[in-house]
Amino acid sequence: MIIENAVFFTRGLKHVLDINAYDHVIFLMVLSVPFTFKSWKKALLLVTIFTLGHSISLSLAAFDVLRFNSTWIEFLIPVTILLTALYNMINVRKIEGKVSWLLIVATLFFGLVHGFGFSSYFEIIIGNEPSKLWPLVQFALGIEASQLIVMLFVLGIAAIFQEIVQLSKRDWILIVSAMVLGAVIPMIIESDIW
């Protein structure tokens with residue numbers, strides 16, 4: 001059973017790392033950008049909190065406990081990215097490697113939103129599986145693994161720019177957050193909500 005259902009781990013991994021799912025990647029970029037390899041545990045905490053929220057909402061949708069209109073969810077996903085980027089830019093001097101309760105709660109909420117966004121995809125891949133629990137666990141682990149890959153990539157690029165190029169941490173946070181804003185604003189404008 002474990003080997004047979006490892007396919008859900010792979011699908012969770014690939015779904016986040018899919019080039020067409022870049023909204024998830026840019027959210028993780030902007031979430032990880034205030035951190036370095038020295039503060040990797042704090043970045044990991046946020047990534048794991050995001051996965052927890054994501055898994056809760058995905059489970060609620062998979063078991064038909066709670067569902068939301070997909071148009072609103074697809075609108076709220078880029079809004080969560082926008083808010084995280086703005087948070088970084090506004091608080092750039094305060095957030096360098098720090099985790100506030102506001103950020104923890106917001107990350108959990110944003111994970112909930114993103115999880116509802118994955119629910120229709122998950123229903124497609126689960127098909128006629130007799131149990132949803134094990135596929136949900138595998139999928140969540142795949143998502144967490146892919147998010148760790150993105151986080152480590154961001155921390156690696158940060159090290160290059162800050163250590164080799166000598167870009168200040170403040171400038172690094174501002175540049176990446178601004179780039180993410182530039183990518184996410186068109187997503188909001190082009191949303192079906194309008």
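User: Glu 144: buried or exposed?

Analyst: This is a predicted model. In it, Glu 144 has 14% relative accessibility, and because the cut-off for buried is under 20%, Glu 144 counts as buried.

User: Which helix is Glu 144 found in?

Analyst: Helix H6, which covers residues 133-164.

User: And what does Glu 144 touch, not counting residues up to four places away in sequence?

Analyst: Leu 44, Val 47, Thr 48 and Thr 51.

User: Switching to aromatics. How many aromatic pairs does the structure hold?

Analyst: Seven. One of them is Phe 27 with Phe 110.

User: Why is the pair of Phe 27 and Phe 110 edge-to-face?

Analyst: The ring planes are at 80 degrees, and over 60 counts as edge-to-face, so the pair gets that label; the ring centres are 6.1 Å apart.

User: Where do the two sit in the chain?

Analyst: Phe 27 is in helix H2 (residues 22-32) and Phe 110 is in helix H5 (residues 101-126). They are 83 residues apart, so the pair links distant parts of the chain.

User: Phe 27 and Phe 110, buried or exposed?

Analyst: Phe 27 is buried, at a relative accessible area of 0%. Phe 110 is buried too, at 9%.

User: What about Phe 68 and Phe 116, how far apart are their ring centres?

Analyst: 4.9 Å, with the planes at 80 degrees, so that pair is edge-to-face as well. Phe 68 lies in the loop between helix H3 (40-62) and helix H4 (70-90), while Phe 116 is in helix H5, so the pair ties together parts 48 residues apart in sequence. Phe 116 counts as buried, at 11% relative accessibility.

User: Which residues do ring pairs link into a cluster?

Analyst: Phe 27, Phe 50, Phe 109 and Phe 110.

User: Now helices. At what angle do H2 and H4 pack?

Analyst: About 20 degrees, with the axes 9 Å apart. Angles under 35 degrees count as roughly parallel, so H2 and H4 are roughly parallel to each other.

User: Is the crossing of H2 and H4 left-handed or right-handed?

Analyst: Left-handed.

User: Which residues meet there, H2 against H4?

Analyst: From H2, Asp 23, Ile 26, Phe 27, Val 30 and Leu 31; from H4, Ile 77, Thr 80, Ile 81, Thr 84, Ala 85 and Asn 88. By class, that contact has seven nonpolar residues, three polar and one charged.

Technical notes
Residues are numbered from 1 along each chain as its sequence is written. This is a predicted model: local features need pLDDT of at least 70, side-chain atom pairs count only at pLDDT 80 or more; totals for chains, interfaces and linings use all residues. Side-chain values use heavy atoms; hydrogens and water are left out. Rings of Phe, Tyr and Trp (its six-membered ring) pair if their centres lie within 6.5 Å; planes under 30 degrees apart count as stacked, over 60 as edge-to-face and the rest as tilted. Helices (H or I, at least four residues) and strands (E, at least two) are DSSP runs, numbered from the N terminus. Buried means under 20% relative accessible area, exposed over 50%, partly exposed in between (1.4 Å probe, protein chains only). Axes are lines fitted to C-alpha atoms, for helices over the stretch in contact, and angles run from 0 to 180 degrees between N-to-C directions. Angles under 35 degrees count as roughly parallel, over 145 as roughly antiparallel, 65 to 115 as roughly perpendicular and the rest as oblique. A crossing is left-handed if the near helix is turned anticlockwise from the far one by less than a right angle, and right-handed if clockwise. Contact means heavy atoms within 4.5 Å. Ala, Val, Leu, Ile, Met, Phe, Trp, Tyr, Cys and Pro count as nonpolar, Asp, Glu, Lys and Arg as charged, and the others, Gly among them, as polar.
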